[in-house]
Amino acid sequence: MVEPWKGNTPGTLQPDSVSTKQRRIAELAQPHPQRAFLALNHYLDDDWLYQAYRRTRKDGAAGIDGVTAKDYEDHLRENLQGLRERLQSGRYQAPPVRRVYMEKDKGTLRPLGIPTYEDKIAQRAVVMLLEPIYEQDFLNCSYGFRPGRSPHQALESLRNDIQGRNGRWILDLDISNYLDPSSYYTSVNEDWVKSVG
């Protein structure tokens, strides 16, 4: 009996492997960029969730429930089957995120949200579903959070582009705290919107 959570899946790709399913999704998305994919949760089977588990970092901090990757792994089969059932039935609700604050430069604090380990797996599974669809829409010059792309490649591309155009200036802007909730409705922002609009 094949049980992927125990690592005894045969080494060759099966017709319904995750990579094959992702390729199928991409092939449907590419020629029809306006297509709406209405039902994808049938892809969230045991193998899909096991692959999502394998791709999820194991060394991150625990979420609000205190469950670590090791704790989750102790009952991996049951945990993934329960997650699958809740995802496929539409009963899954992401638990609250644990809020921690990391110190930044100049003594300011940066809020971080740490999801539960199970939610990290669910998020990874959804990324694995949506990535083949949205990858078709990105331009070749897009690098952020894309598979097979890195910040180093983005910088190299920028350098080559600047040198190819005899560029001499790079403008680096950092509008500090611009997206902080307290800055959304200040008069400074209103004046800026009026001047731009």
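This passage looks at how helix 2 sits among its neighbours, then at a few residues elsewhere in the chain.

The model is a predicted one, so local features are taken at pLDDT of at least 70 and side-chain atom pairs only at pLDDT 80 or more, while totals for chains, interfaces and linings use all residues. Numbering runs from 1 along each chain as its sequence is written, and side-chain values use heavy atoms, with hydrogens and water left out.

Helices here are DSSP runs of H or I with at least four residues, strands are runs of E with at least two, and both are numbered from the N terminus. Helix 2 covers residues 46–55, and its axis comes within 10 Å of the axis of helix 1 (residues 18–29), the two crossing at roughly 100 degrees. Axes are lines fitted to C-alpha atoms, for helices over the stretch in contact, and angles between N-to-C directions run from 0 to 180 degrees. Helix 1 and helix 2 are therefore roughly perpendicular, a label for angles of 65 to 115 degrees (under 35 is roughly parallel, over 145 roughly antiparallel, and the rest oblique). On the helix 1 side, the contact is made by V18, K21, Q22 and I25, and on the helix 2 side by D47, W48, Q51 and R55; contact means heavy atoms within 4.5 Å. By class, that makes three nonpolar, two polar and three charged residues. Ala, Val, Leu, Ile, Met, Phe, Trp, Tyr, Cys and Pro count as nonpolar, Asp, Glu, Lys and Arg as charged, and the others, Gly among them, as polar.

With a relative accessible area of 15%, Q22 is buried, where buried means under 20%, exposed over 50% and partly exposed in between (1.4 Å probe, protein chains only). Leaving aside residues up to four places away in sequence, Q22 touches W48, R55, M128 and P132.

Helix 2 also packs against helix 5, at an angle of about 110 degrees and with the axes 8 Å apart. That makes this pair roughly perpendicular as well.

Within helix 2, the buried residues are W48, L49, Y50, Q51, A52 and Y53. They pack against helix 1, helix 3 (69–74), helix 4 (76–89) and helix 5 (117–134). At the start of helix 2, a side-chain oxygen of D45 comes to within 3.3 Å of the backbone nitrogen of D47.

Now for the loops. R165 lies between helix 6 (151–164) and helix 7 (187–196) and is exposed, at 63% relative accessible area. The side chains of R165 and D161 are joined by a polar contact of 3.0 Å, that is, a pair of N or O atoms within 3.5 Å; within protein, one must be able to donate a hydrogen and the other to accept it, and residues adjacent in sequence count only if both atoms are side-chain atoms.

K106, in the loop between strand 1 (98–103) and strand 2 (109–114), has a positive phi near 60 degrees without being a glycine. K106 is exposed, at 85% relative accessibility. F145, in the loop between helix 5 and helix 6, is not a glycine either, and its phi is positive at about 55 degrees. F145 is exposed too, with a relative accessible area of 88%.
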